[in-house]
Amino acid sequence: MSNRTFTMIKPDAVENGHIGGILDKICAAGFRIVAMKQTKLSAEKAGEFYAVHKERPFYGELVEFMSSGHIVAAILEKSNAVEDFRKLIGATNPAQAEEGTIRKIYAESIGRNAVHGSDSDENAEIEGNFFFSGLEKF
Ligand code: RTP
Ligand code: MG
């Protein structure tokens, strides 16, 4: 069990002015921000990030959405980070997310669902390295 996970605040939440609200929830839940940046993904980079979903019917829409505006990428630290962060963000579909979760509060739909959270320690490492160099990860 690693103590780090990776997140993105997605274009819908950035556009709607929810960066502060979401970071507030993340910090209140006990996560330390190890590294953070605001950037914009090209369609190619978004496709690479979500390559695991390449064969899924929603892939094209996902890539288009994730490259449609600015995102905030961050590495977060806390014990049991991956699992606890997935609990904090709630179900992929906000209609099924529990009360008080970030997606319940801020997500618009299953596609425009406000935040990404790594689904395993291995992917947290890969995804963090996608955005940050070794010198940025203290
Ligand atoms: P994420 O990777 O962004 O944290 O989301 P997740 O693990 O909860 O869900 P995942 O299965 O990895 O799917 C990645 C993103 O694809 C979009 N999606 N759309 N229209 C659909 O049926 C559908 N299913 C998934 C979502 O935006 C999801 O976050
Ligand atoms: Mg996922």
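The exercises below work through the fold, the sheet and the ligand shell of one predicted model.

In this predicted model, local features need pLDDT of at least 70 and side-chain atom pairs count only at pLDDT 80 or more, while totals for chains, interfaces and linings use all residues. Residues are numbered from 1 along each chain as its sequence is written, and chains are lettered from A and ligands numbered from 1 in the order in which they are written.

**Exercise 1. Overall fold**

Task: State how many helices and strands the protein has, and give their order.

Solution. Step 1: helices (H or I, at least four residues) and strands (E, at least two) are taken as DSSP runs, numbered from the N terminus. Step 2: the protein then has seven helices and four strands. Step 3: read from the N terminus, the order is β-α-α-β-α-α-β-α-α-β-α.

**Exercise 2. Strand 1**

Task: Decide how far strand 1 is covered, and find its pairing partners.

Solution. Step 1: a residue is buried if 20 or more other C-beta atoms lie within 10 Å of its own, exposed if 12 or fewer, and partly exposed in between, with C-beta atoms placed from the backbone. Step 2: six of the six residues of strand 1 (residues 4-9) are buried, against 33% of the 138 residues of the protein. Step 3: Arg 4, Phe 6 and Met 8 point one way, and Thr 5, Thr 7 and Ile 9 the other. Step 4: strands pair if DSSP finds at least two bridges between them. Strand 1 runs antiparallel to strand 3 (residues 70-77) with six bridges, and antiparallel to strand 4 with three. Step 5: Met 8 has Ala 73 as its bridge partner in strand 3 and stands opposite His 116 in strand 4.

**Exercise 3. The shell around ligand 1**

Task: List the shell, class its residues, and examine Thr 92 and Asn 113.

Solution. Step 1: a residue is near the ligand if its C-beta atom, placed from the backbone, lies within 6 Å of it. The residues are His 53, Phe 58, Leu 62, Thr 92, Ile 110, Gly 111, Asn 113, His 116, Gly 117 and Asp 119. Step 2: Ala, Val, Leu, Ile, Met, Phe, Trp, Tyr, Cys and Pro count as nonpolar, Asp, Glu, Lys and Arg as charged, and the others, Gly among them, as polar. The shell has three nonpolar, six polar and one charged residues. Step 3: Thr 92, in the loop between helix 5 (81-89) and helix 6 (102-106), is partly exposed because 14 other C-beta atoms lie within 10 Å. Step 4: Asn 113, in the loop between helix 6 and strand 4 (115-117), is buried because it has 23 such atoms within 10 Å. Step 5: neighbours within four places in sequence aside, Asn 113 is in contact with Lys 10, Thr 92, Pro 94, Arg 103 and Ala 107. Step 6: an unreviewed UniProt entry places the feature "binding site" at Lys 10, Phe 58, Arg 86, Thr 92, Arg 103 and Asn 113; such annotations, given in the numbering used here with shortened feature names, may be inferred rather than shown by experiment.

Notes. Two residues are in contact if their C-beta atoms, placed from the backbone, lie within 7 Å.
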